Amino acid sequence: GPGRARAARAGRWVRRRAGRDAGRMGGAGPGAADEHRPVTVVPGAVPRRQLCFAWGPAEVLVCETLFGRAGTGEGAPSTSRVFVVRRDQDIYIQTLRKLFNESHGIFMGLQRSEEELAGKSRKAQLVQVSKNYRSVIRACMEDMHQAAISTRDPALQGQYSTQVSILSAMELIWNLCEILFVEAAAAGPLLLRLLDWVRLHVCDVDSMVREVLSSENPSKHKLFWNVVDIFVLQGRMDEARHLLSKEASANPTSMNMYKILDDLMKKMPVPSLGNTQTLTELELKWQHWHEECQRYLQDGTFASNPHMESICKILLGDEDAILEKKELMTTWYHFLVTRLLYSHPTVKPMELRFYAQSSMDLFLGGESSPEPLDMILMAAFEFEMHQVIKECSIVLSNWWFVAHLTDLLDHCKLLQSHNLYFGSNMREFLLLEYASGLFSHHSLWQLGVDYFDHCPQYGRVYLELHIERIPLSTEQKALKVLRICEQRQMHEQVRSICKIMAMKALRNNRLGSALSWSIRAKDAAFATLISDRFLKDYCERGCFSDLDLIDNLGPSMLLSDRLTFLGKYREFHRLYGEKRFPEAARLLLTLMTAHIAPCSFWMTLLTDALPLLEQKEVIFSAEQTYELMRCLEDLTSPNPGSAPFQDDDVETTKVEMLRLALARNLARVIVKEGTVEGS
Amino acid sequence: MFVARSIAADHRDLIHDVSFDFHGRRMATCSSDQSVKVWDKSENGDWHCTASWKTHSGSVWRVTWAHPEFGQVLASCSFDRTAAVWEEIVGESNDKLRGQSHWVKRTTLVDSRTSVTDVKFAPKHMGLMLATCSADGVVRIYEAPDVMNLSQWSLQHEISCKLSCSCISWNPSSSRAHSPMIAVGSDDNSPNILAKVQIYEYNENTRKYAKAEALMTVTDPVHDIAFAPNLGRSFHILAVATKDVRIFTLKPLRKEVTSSGGLTKFEIHIVAQFDNHNSQVWRVSWNITGTVLASSGDDGCVRLWKANYMDNWKCTGILKGNGSPVNGSSQQGIFNASLGSANTSLQNSLNGSSASRKQS
C-alpha cells in the first residue's frame, strides 16, 4: 500500500547518525551516549557567566548569573532572561499523542492478560500484543506523513519527516524482535517471517516497481529486469513469474528458455507454516531442486540471456550474483534474508548470528562502518536482547519504545533481571522513566498513573512524588487527583491535597469550600480554625453562609469540638426558625452544660435565649431556667484562672436584661408547673 | 532537552536565584537589585510577572517557596544580614484586574551579624520551619508555631558550625526511622583540612541538633549541597558542589545507646565524582524523584547526571550558553524546536537525508 512506500525507509536516520555513538553502551537515557552528551544551547547567555537553575516538576528554569561575587552593584545592567527548559521533547509532539494513548490500552491489556494460558495460546496472545503495538506505530506514522504533506511550513515538514523515519525505524526493530524473541520462530517458518519483514520494510524500490508495472508495456521498460530482480530477491516468485510471462510472450524465439526458468521458479521448495512437511523433507526437495538449477546453469541454457542467467545464479544462492544487485536490496539485512532464502532456507535461529555478521561485512564491504540501526539489528540477530534495549535507549529520543518493548519481552519471560542498585529490574527502570515523562505533560500524566501502578518496586513512591505536583488549578482537577490517590490509599497525599485546597479557599475567603476540604483532609485543627471564622462572621453579620454544607455535616461534625459546636449551633437556629422552640431551647442549654460551646461564645448563646424567654408560651422548664442562671453566673463571676469578664456598659446592660428575663421566666414557669401538677 | 520559552526577567542587576513553586506554576527570581519578582504561568503557558518589590537593602542571594499547605509563602535571604518571610495577600479587586498580586513582609529574621547565605524551608511534615545559614558560621532554625500567623517566628535552634556557611539542605525523609537532619556546607577557603560538610541530627532526648557526621574527604570550599528525595530507602543520598560534583550515600548504622540519647552514626560512601566542570561547581539540585542531579559550574554549563539500571552514573545532558545576545524585548513562545534540542545532530542528519531522497 502507499503506507508502505513512505513508511519504512526506516532507519536511514539512525544509520546517518553514524557510528559515532555506536559501541558506547550503557547510556542512561534516550539520546544519552557516553562521550556524546546532547548539548542544549541556551540562547543569549553571555560566555564566562555561570548558570543558576531550578528544578520544577516538569521543567527546569535556567538563568545567567555570577557565582561567588559578594556585595552589591557588581553585576552589569542585566538584560538577562529566564529560560524554561523541558526534558522530554516527544511528549509534547501533538501527533505522537495517538501513540501514547493507544499503546496505553495495549499495555494495560497485557498486564491483565492471562499468565496461566500455557504454551501455544500464550505465545499467540503475546504475538498479537506485539502486532497491536506495531499497528499503533504504523497508524501514527501514517498520521505523521499526512501532517507532513498537508503543511506548507518547511520546518514543520522537516520535523514530521524526521518523526516518520524514527517511527519507521522503531517498527523495523520491533518487528524483528517480534519474529526472533516473541514468536521465536523455528527453522523453516523463521525464513518466511524474515521474508515478510524484508518485504514490509525495504520499500526504497517500491516506486520503481510501480513505475514499471503501470507503464503501457512493462517488458519494454528500461527497468523491467530490475523489477524482476527485485521480486526474485524478495522471494516474490509469483509476481516475478507473472512479469516474465509477459516478456516471454513478446519473445517467441526464447520461449523455451523462459519456460525452463519459470518452471524452476515454480518448483522452488519453500518452508511451510503448517506441519505438512518435515525439515528433512524440505532439505531433500531443496537439494534436488538445487541440482536441477545447477544443471541448467552449467549446460548454458540461459547463456544467451545475461538477465536470466543472473536470476538462475541468484536461485543458486551465488553470493557474487546477489551482491551485484546491491542497489536493489539497499540494505545488508535484505541481502542477509535473500542469501538465506537461496542458500540456507532451513536456517536455525542460533545460526543467524553467523550469517548476519558475514552479510553485513560483505554488504558494507569495508566502505562504510555500521551505524546505530545496524548495530541494533545485529544485536537482535545475535539474540542479545539486553544489547538491543541498551542501544535503542542511546539512540532513540523517547522512552516509549524501550519501555513497551522491554515490558513485552519481560512478559515473554525473556529478560534476565538486571538488578538496579536499589533492586529493581530493567523493565521497571524503563517504565518509570517513561511514566515520569508522561507526568511532565499537562494531560498525559493520567496515563502515567497506570504505568506506575505496574511497577512493583518503585511505582508507588514515584506516583506519590509526581501526583502531588499536579497543579490543582480547579476544584474539578483537584477532585480528579484526589480520586486517584484515594483509590490507592495514598493517605498522606490525600491529606496534603485537601489541605492545599482548604488553604487556598480560606485565603480567598471561601469558607464553605475551605471547611469541606479540611473535613476531607480530616484536619481537626484547620476545621476548628475555619469554624471559628464561621462563628465570627455570624457574630458580625447575624447570619450564616454556606448553610447547605453546615446543615449536612453529619458525622463529620465530630472531627473537631468547634466544628461540632458550629453544626449544633446552626441546628439551634434551624429549630428556632421552624418555631420548634422547646427543642431549640433544650439544644441551646446542652451546648453550654455539656461544654460543647467555647466559653467565649456563652454570652452569645445566652443572648440567643432571650427571645425564647420572652415567648408567650413558657419554654424553659424551671430546672432549665436554673441551669441558664448558673451559666450566666459562671460567666460573670470573676473566676481565678479564666479571663475576666468584660465589664463594659453594653455587657452590663445585657447581663441585667438576661437576669430580668430569667427571673420572669422562672416566675411564670413555677406558676405553670404548679398548676399542671395540681390539676 | 530543549528550550521551550524565554522570559525577559527585567531585573536591574544580576539575578542570583530562580525558584519554582511546588507545582511548577509559579516562579520567583531574586537579584542584586535588592528585589524579588514573582511570575505566574497562565493557562496558555505564558509567564507573567505578577509582583515585583524591594525585599532587602542588599543583594538577595536566595529565594524559596514554602509548601502550598502553608499558603503562598516565600523566604529570601540577603547580604543585608537578614532573612525575610513574605506572604501573598489575596488582592484588592484593583490589583486583580491589573493581574498583580500583593506580598507583605511577615517577619524579618535579624539574628545574623553577617550576610545570610542560604534559606531553606524544612520538609512539611516538620511543620512550618525554616533554616538559615550565614557567613559567621551559624545555622539558625526558626519555627512558626501558628501557621495562620506568619508574623510570629521563634528561633528554635542555633548551631555553631565554626566555619563560614554557604549552604544548607534538609533531609527530606519523612520516615519515622529518620530523625530530622540538616547538612551544612562551608565555603571557608583558608588553607586547612577541616571537613567542609557537616551533618546535624535532631536528638529527641536533648531536643537539640548535634553533629552526627562530617565528610572528612571534602576539604575544599563547598558552594552547595542537596539531599535527594528518599524514595523509601533506608539510606540517604547527598550531592555536594565543591571543586567537583560528588555524590555520597549515608547509611545509618545501629544507634549508639548512651545516656544522652544516641546520635546516628553513618557508613559513608562516595558513589560518584565528576570533574567535568573543570573548576568550581556552584549549584547542585535533584529532580523531584531524586533520579537526576543537575550541577552548575564555572564552565558555564548545567550538567545532568543520572544513574542507569546498573548503578552507573553518567552525564545525560548539558545546558550551555551560546554567548550571543538575544534581540528583542520580550520574546516568548516556542523556539524553533530544533534550536537547542537534544536531537539537533540527529534531526539535522535526518533532514539532510530526507531532502536528498526522492519523494515517492
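Analyst: Quick start: a strand here is a DSSP run of E with at least two residues, and strands are numbered from the N terminus. Keep in mind that this is a predicted model.

User: What makes the place where Ser115(B) is found a loop between two strands?

Analyst: In chain B, strand S9 covers 102-109 and strand S10 covers 116-121. Ser115(B) falls in the loop between them.

User: And why is Ser115(B) called buried?

Analyst: Its relative accessible area is 12%.

User: How do you know that the side chain of Ser115(B) makes a polar contact with the side chain of Trp61(B)?

Analyst: Check the distance: the two side chains come to 2.8 Å. The limit for a pair of N or O atoms is 3.5 Å, so this pair counts. Leaving out residues up to four places away in sequence, Ser115(B) also touches others, including Ser78(B), Phe79(B) and Cys133(B).

User: Why do you say S4(B) and S5(B) pair, and in which sense?

Analyst: Two strands pair if DSSP finds at least two bridges between them. Strand S4 (residues 35-41) and strand S5 (residues 47-54) of chain B have seven, in the antiparallel sense, so they qualify. One example of a bridge: Val38(B) has Ala51(B) as its partner in S5(B). S4(B) and S5(B) form a hairpin with five residues between them, and Gly45(B) in the turn has a positive phi of about 95 degrees.

User: What makes S1 of chain A and S22 of chain B edge strands?

Analyst: First, the sheet itself: an open one of five strands, ordered S1(A)-S25(B)-S24(B)-S23(B)-S22(B), with mixed pairing. Strand S1 (39-42) of chain A and strand S22 (281-286) of chain B each pair on one side only, which puts them at the edges. On average, neighbouring strands of this sheet are turned by 20 degrees against each other, direction ignored. S22(B) pairs with S23(B) (residues 292-297) over five bridges, in the antiparallel sense, and there Trp286(B) stands opposite Leu293(B).

User: Why is helix H21 of chain A called largely enclosed?

Analyst: H21(A) runs over residues 445-453, and seven of its nine residues are buried, so the rest of the structure largely encloses it. Among the buried ones are Trp445(A), Leu447(A) and Phe452(A). The buried residues pack against helices H3 (97-112), H19 (400-411), H20 (426-438), H22 (459-467) and H23 (475-487) of chain A.

User: Which residues have the most contacts inside the largest nonpolar core?

Analyst: That core has 212 residues, and the ones with the most contacts inside it are Trp197(A), Phe381(A) and Ile467(A). Helix H5 (residues 154-182) of chain A gives the most to this core, with 14 residues. Beyond its neighbours within four places in sequence, Trp197(A) is in contact with residues including Leu172(A), Tyr333(A) and Phe381(A). A second, separate core of 20 residues includes Val245(B), Phe274(B), Val284(B) and Trp286(B).

User: Where in chain B does pLDDT stay under 50?

Analyst: Over residues 324-360 of chain B. Where pLDDT is low, the predicted coordinates should not be read in detail. Chain B averages a pLDDT of 85, with 86% of the residues scoring at least 70. The model scores ipTM 0.89 and pTM 0.87.

How values were computed:
Residues numbered from 1 in each chain as written. Chains lettered and ligands numbered in written order. Predicted model: local features only at pLDDT ≥ 70, side-chain atom pairs only at ≥ 80, totals over all residues. Heavy atoms only, no water. Helix = DSSP H or I, 4+ residues; strand = E, 2+ residues; numbered from the N terminus. Buried < 20%, exposed > 50% of the residue type's maximum accessible area, 1.4 Å probe, protein only. Polar contact = N/O pair within 3.5 Å; in protein donor to acceptor, adjacent residues only side chain to side chain. Contact = heavy atoms within 4.5 Å. Axes fitted to C-alpha atoms, helices over the stretch in contact; angles between N-to-C directions. Core = buried A, V, L, I, M, F, W, Y, C linked by side-chain atoms within 4.5 Å. pLDDT = per-residue confidence, 0-100.
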